[in-house]
Amino acid sequence: AISRNMLCGLYDGVKDRRTDDALARLSAEAFQKQFSGAEVTSVDTMVFGSPNSAQVLFTMRVTSATRGGGAVERQGVAQLLSYDNELLVCSYVLRTAGAF
């Protein structure tokens, strides 16, 4: 699922997905090492690039996997694409707000 999202609509056309799948696994592992839990709590701003694509500023509540497990809110920016009856998260970046 992560590879399908990261390829942003191109997944079915890619002949060799080994590199994409490896990158998706690394990305998921990094997220899991940083956070033990995450829940999107709000969509703060949405800017449409077209009827099928948007850039979204969102807030999520995350629980640290390493620092006592306390929950804090963090913002992120995601690139979304509506494609073939799916909503794909093509990419996202967490906004830094001091040390976590």
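**Reading the fold of a predicted chain**

Reader: What pattern does the chain follow along the sequence?

Author: Along the sequence of this predicted model, the pattern is α-α-β-β-β-β. That comes to two helices and four strands.

Reader: What makes the four strands an open sheet, and in what order do they stand?

Author: The order is β1-β2-β3-β4, with antiparallel pairing. β1 (35-50) and β4 (86-94) stand at the edges with a single partner strand each, so one side of each has no neighbour in the sheet. Direction ignored, neighbouring strands of this sheet are turned by 30 degrees against each other on average.

Reader: How do you know that β2 and β3 pair?

Author: Two strands count as paired if there are at least two bridges between them. Strand β2 (residues 53-64) and strand β3 (residues 71-83) are joined by eleven bridges and run antiparallel. The pair therefore meets the criterion of at least two bridges. Among the residues involved is Gln 55, whose bridge partner in β3 is Gln 79.

Reader: How do you know that β1 and β2 pair, and in which sense?

Author: The criterion is again at least two bridges, and β1 and β2 have twelve, in the antiparallel sense. The two strands therefore count as paired. One of the residues involved is Met 46, which has Val 56 as its bridge partner in β2.

Reader: What do β1 and β2 form, and how many residues lie between them?

Author: β1 and β2 form a hairpin, with two residues between them.

Reader: Which strands does helix α2 touch where it packs on the sheet?

Author: Helix α2 (residues 18-34) touches β1, β2, β3 and β4. A contact requires heavy atoms within 4.5 Å, and helix α2 has contacts of this kind with each of these strands. The direction of helix α2 makes about 125 degrees with that of β1.

Reader: What share of the residues is called buried, and what is the cut-off?

Author: Buried means under 20% relative accessible area. Of the 100 residues of the chain, 22% count as buried. The accessible surface of the chain is about 6800 Å², and carbon and sulfur atoms hold 53% of it.

Reader: What share of the contacts joins residues 24 or more positions apart?

Author: Among contacts in the chain with a separation of 6 or more, 38% are between residues 24 or more positions apart. Along the principal axes, the C-alpha atoms fill a box of roughly 45 × 30 × 20 Å.

Reader: How many side chains are positive and how many negative?

Author: There are 10 positive and 10 negative side chains in the chain. The centres of the two sets lie 7 Å apart.

Methods
Residues are numbered from 1 along each chain as its sequence is written. This is a predicted model: local features need pLDDT of at least 70, side-chain atom pairs count only at pLDDT 80 or more; totals for chains, interfaces and linings use all residues. Side-chain values use heavy atoms; hydrogens and water are left out. Buried means under 20% relative accessible area, exposed over 50%, partly exposed in between (1.4 Å probe, protein chains only). Accessible areas come from the Shrake-Rupley method with a 1.4 Å probe; for residues, only the protein chains shown count as cover. Lys and Arg count as positive and Asp and Glu as negative; His and the chain ends are not counted. The place of a charge is taken as NZ of Lys, CZ of Arg, CG of Asp or CD of Glu. Axes are lines fitted to C-alpha atoms, for helices over the stretch in contact, and angles run from 0 to 180 degrees between N-to-C directions.
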